[in-house]
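Thank you all for coming; I would like to walk you through one structure today, slowly enough that we can look at each part together. Please bring it up on the screen.

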Amino acid sequence: MRAIVSVLGKDTKGIIANVSMTLYKQDANIIDISQTVLQNEYFTMIMLVEIGEGKTIDDLSKALDVVAKEFKVEIRVQHEDIFNSMHRI
Amino acid sequence: MLNHNEIIQTITMIKDLHLDIRTVTMHISLFDCITDDADRTAGKVYDKLTSKAKNFVSIVNGIQTKYGIPIVNKRLSVSPISLIGAASGGYEKIALAMDKAAKELNINFIGGYSAIVQKGMTKQEEEFIHTIPKVLSETDVVCSSVNVGSTKAGINMDAVRLMGEIIKETAEKTKDANCIGCAKLVVFANAVEDNPFMAGSFNGISEGDCVINVGISGPGVVKAAIERIKGQDCSVLSETIKNTAFKISRMGELVGREAAKQLNAEFGIIDLSLAPTPEVGDSVGEVLEEMGLSSVGAHGTTACLAMLNDAVKKGGSMASSRVGGLSGAFIPVSEDIGMIRAVKSGALGMDKLEAMTSVCSVGLDMIAIPGSTSAKTIAAIIADEAAIGVINGKTTAVRIIPVIGKEEGEVEFGGLMGRAPIMNIGNGNADAFIDRGGHIPAPIHSYRN
């Protein structure tokens, strides 16, 4: 199952490292990643991840909530189909 | 891979612009519950609801987590109870069974306490309609609707007169709770059989045994899209609304299909209706104002609403072959901050609202009127709306609340139902017309056979 992980918030040191480490611990493989920092401040990172067997989007969400709280950013995990349905025919 | 901007666009729609799935509604047929004994029928209704919808809420919550899209309401809708209870006469017992089952299943509304009487009323249907005020005052989540007209059959004026009385009685019976019973009662012309939105939802007689219908909203998303094209011409405006409606509908279809699959039910339709909530930024009134009106109610409002409604339908039907329900723009007064503001400032009155209902997707919705309004005047308001629907071949509805004990000011319903300023309805009356009763024949253009 593939999901989109999005991270939005103020840029601080260690966000990417911590999100990646959490994904690794949850047995999720990062397939693609894109990241921008707008006006040297607003951070957005989008990752396409493959979720390991036996894990769910809910497991990943809960694990990433811990990082979100620590870094004061918003992290969402959503099945990729919601984006495909909206933007691809 | 999807590009960064597309992903951010979807997330922004959900996070900042209130895009949500307004309701996933499970429509259940109750025809196999009919018996000639009231208790047995009610028992069978309870059993069927609690078995079919056993995992409904948890499965829908799971879909919400999977896609990261809020699904605001989980609802049930059943076959018209006027038919299910006709053999036993146990309408009220069925209503209590529906209320109990829905509460146990964590469902916030269950629709289908309904009758379809546009051509004529059987003795049983008349008895059924007389139970509506008591049922709405003694249950919490049961919603009721009565269809009194159709383009094919004309308008049943006896039923119209009766519904004026029923609305008044419902208001009286629930006057200690701001007449909330009337917020759960809709009088329709050309009611649709697969509408997932309350209070007018029921499972039509031509529908399957267990069907998932999905209602999507998103006035905030449409407003944001229009903000980006300030000053551009109406064809650009229409195109922009269409594109936005397309994207929202695609997402609704995904959720509907997934829910139906997981619930082992049939996927019915998606209903893309711009359904406002009392939240700022989630208002159809504000969309109309963004199109170029100083306030909803100004001249030009009907044209803007007509274009909005049509573009929403076109975008939706490009996105899915299963578009149904009411699909368009709702204009409930109490549930829309832009509409409330316009009524309070005097920019929007009953007359303009009535004109708007000739081009919106439903009708006079969630409108508070003075408590002293007579049953016959309410019937006359219903007759006007039904006439608009019947002649124009569209659905119209009246969900109107005579606020007992109040003539002006405001009434608070709470939650999604919001708050409504009491509207002035003028001094004239149509008592002698309503007293005539009988039947307004179907319009000439209905004879297409």
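Let us begin with B:Glu286, which lies in helix H10 of chain B, the run from residue 284 to 290, and let me say at once that this is a predicted model. Is B:Glu286 buried or exposed? Its relative accessibility is 9%, and because buried means under 20%, B:Glu286 counts as buried. The side chain of B:Glu286 reaches the backbone nitrogen of B:Gly281 at 3.4 Å, and, leaving aside residues up to four places away in sequence, B:Glu286 touches B:Lys223, B:Gly281, B:Ile337, B:Gly338 and B:Arg341.

Staying with salt bridges in chain B, B:Glu290 forms one with B:Lys230, and the closest N and O atoms are 2.6 Å apart. B:Glu290 lies in helix H10 of chain B, whereas B:Lys230 sits in the loop between helix H8 (219–227) and helix H9 (234–262) of chain B, so the pair ties together parts that are 60 residues apart in sequence. B:Glu290 is buried, with a relative accessible area of 18%, while B:Lys230, at 61% relative accessibility, counts as exposed.

Now set beside that pair the salt bridge between B:Lys134 and B:Glu138, where the closest N and O atoms are 3.8 Å apart. Both B:Lys134 and B:Glu138 lie in helix H6 of chain B, residues 123–138, and they are four residues apart, which is about one turn of the helix. In general, an α-helix has 3.6 residues a turn, so residues three or four places apart point the same way. B:Lys134 is partly exposed, with a relative accessible area of 35%, and B:Glu138 is partly exposed too, with 47%.

Let us move on to helix H2 of chain B, residues 38–52, which has 15 residues and reaches 21 Å from its first C-alpha to its last, close to the 21 Å expected at 1.5 Å a residue. At the start of H2(B), a side-chain oxygen of B:Asp37 reaches to within 3.2 Å of the backbone nitrogen of B:Asp39. The buried residues of H2(B) include B:Ala42, B:Val45 and B:Leu49, and what covers the buried residues of this helix includes strand E1 (21–28), strand E2 (71–78) and helix H5 (91–104) of chain B.

Helix H3 of chain B, residues 56–67, has twelve residues, and among its buried residues are B:Phe56, B:Ile59 and B:Ile63. H3(B) is followed by B:Gly68, whose phi is positive, near 65°.

Finally, let us turn to where the two chains meet. How many residues of chain A are in contact with chain B? There are 28 of them, in contact with 24 residues of chain B. The area buried between chain A and chain B is about 2400 Å², and carbon and sulfur atoms give 68% of it. A:Ile82, A:Met86 and A:His87 supply 27% of the area that chain A buries against chain B, more than any other three residues.

Ten residue pairs are in polar contact between chain A and chain B. By class, the side of chain A that touches chain B has eleven nonpolar, ten polar and seven charged residues.

Note on methods
Residues are numbered from 1 along each chain as its sequence is written. Chains are lettered from A and ligands numbered from 1 in the order in which they are written. This is a predicted model: local features need pLDDT of at least 70, side-chain atom pairs count only at pLDDT 80 or more; totals for chains, interfaces and linings use all residues. Side-chain values use heavy atoms; hydrogens and water are left out. Contact means heavy atoms within 4.5 Å. Buried area is the accessible area (1.4 Å probe) that two parts lose on being put together, summed over both. A polar contact is a pair of N or O atoms within 3.5 Å; within protein, one must be able to donate a hydrogen and the other to accept it, and residues adjacent in sequence count only if both atoms are side-chain atoms. Ala, Val, Leu, Ile, Met, Phe, Trp, Tyr, Cys and Pro count as nonpolar, Asp, Glu, Lys and Arg as charged, and the others, Gly among them, as polar. Helices (H or I, at least four residues) and strands (E, at least two) are DSSP runs, numbered from the N terminus. Buried means under 20% relative accessible area, exposed over 50%, partly exposed in between (1.4 Å probe, protein chains only). The expected span of a helix is 1.5 Å times one less than its number of residues. A salt bridge is a side-chain nitrogen of Lys or Arg within 4 Å of a carboxyl oxygen of Asp or Glu.
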